[in-house]
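Student: I'd like to learn how to read strand pairing and a nonpolar core. Can we work through an example together?

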Amino acid sequence: TKKATTTKKVTTTKKATAPTKKEDIVKLYNTAASVASTSKPGYKKSNDTVLSNLNMGALAKISAVRDTVGNFLGEGSTSETVKKGSFDGKKLVKSTLKASDVTNATCKLTDDGKYYEISITVKNETNPLKGSSALGRFTKDYKDADEVRSGLSEVGAGVGAITINTTSVTIKAKIGVTDNQFASLTHNIKMSATLNDVKYSIAKVKTATAELETTVRYTEFKY
């Protein structure tokens with residue numbers, strides 16, 4: 001009797017490949033943000049905003065106005081530790097970024113093949129609204145024109161037109177290949193702001209301008 005032989009099936013794991021199309025890289029980022037919204041990881045977050053080239057004429061000497069402009073443009077540094085399970089959609093946003101919002105996107109695998117490293121450049125825009133602009137679809141870490149106007153009003157200052165332009169917006173993220181979880185995330189946002197007809201008490205200025213850069217870092221994710 002001939003002895004039966006069996007062939008053991010060998011399974012191989014297909015190595016991941018990094019997406020190259022802008023649409024696929026944006027989808028990868030959105031998926032990681034969606035996973036974060038449902039998994040509710042803990043993480044550390046820092047926010048650093050530097051205000052430069054502020055030109056307000058005589059109003060710059062009035063601390064209430066100077067501080068309010070700085071405050072409502074987000075000037076300063078903050079840091080916090082978010083506990084696991086406390087995701088609120090404000091500190092880390094569930095992204096709805098569109099491919100049409102993006103001018104350039106790249107992705108590569110880390111040497112060990114465990115993570116995607118992505119870089120996304122978001123298009124520049126004027127007076128980006130939260131939730132309905134390229135910037136507003138993936139972050140709330142900026143002040144829009146209405147918030148600046150409201151802040152000035154609270155200290156008794158009036159303002160005419162407000163124009164806020166983004167001049168450079170980038171997203172950099174490290175995302176797990178098998179689980180779509182963030183390992184790290186950084187948003188860098190550069191803006192210029194122009195405020196026309198700013199008035200406070202007897203002082204006024206026709207045009208006030210400023211530039212600002214905000215860097216938001218998310219680290220030490222715990223899923």
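**Hairpins, sheet and core**

Tutor: Let's start at a turn: G113 has a positive phi near 75° in the hairpin of β3 and β4, where five residues lie between the strands. Keep in mind that this is a predicted model.

Student: How many bridges join β3 to β4?

Tutor: Seven, and the two strands run antiparallel; β3 covers residues 102-109.

Student: Which strand does β4 join through eight bridges?

Tutor: That's β6, residues 162-176, again antiparallel to β4, which spans residues 115-122. Here Y115 is across from G176 of β6.

Student: And what does β6 do with β7?

Tutor: They pair antiparallel over 13 bridges, with β7 made of residues 182-200. V169 has I189 in β7 as its bridge partner. The hairpin of these two strands also has five residues between them, and N180 takes a positive phi near 55° there.

Student: How should I think about side chains on a strand?

Tutor: In a regular strand they alternate between the two faces of the sheet.

Student: Now the core. Which residues have the most contacts inside the largest one?

Tutor: Y29, I118, I120, F182 and L195, in a core of 55 residues. Strand β8, residues 203-222, contributes the most to this core, with eight residues.

Student: What does F182 touch?

Tutor: Leaving out residues up to four places away in sequence, F182 touches Y29, A32, A33, A36, A173, K174, I175, F221 and Y223.

How values were computed. Residues are numbered from 1 along each chain as its sequence is written. This is a predicted model: local features need pLDDT of at least 70, side-chain atom pairs count only at pLDDT 80 or more; totals for chains, interfaces and linings use all residues. Side-chain values use heavy atoms; hydrogens and water are left out. A nonpolar core is a set of buried Ala, Val, Leu, Ile, Met, Phe, Trp, Tyr and Cys residues joined through side-chain atoms within 4.5 Å. Buried means under 20% relative accessible area, exposed over 50%, partly exposed in between (1.4 Å probe, protein chains only). Helices (H or I, at least four residues) and strands (E, at least two) are DSSP runs, numbered from the N terminus. Contact means heavy atoms within 4.5 Å. Two strands pair if DSSP finds at least two bridges between them.
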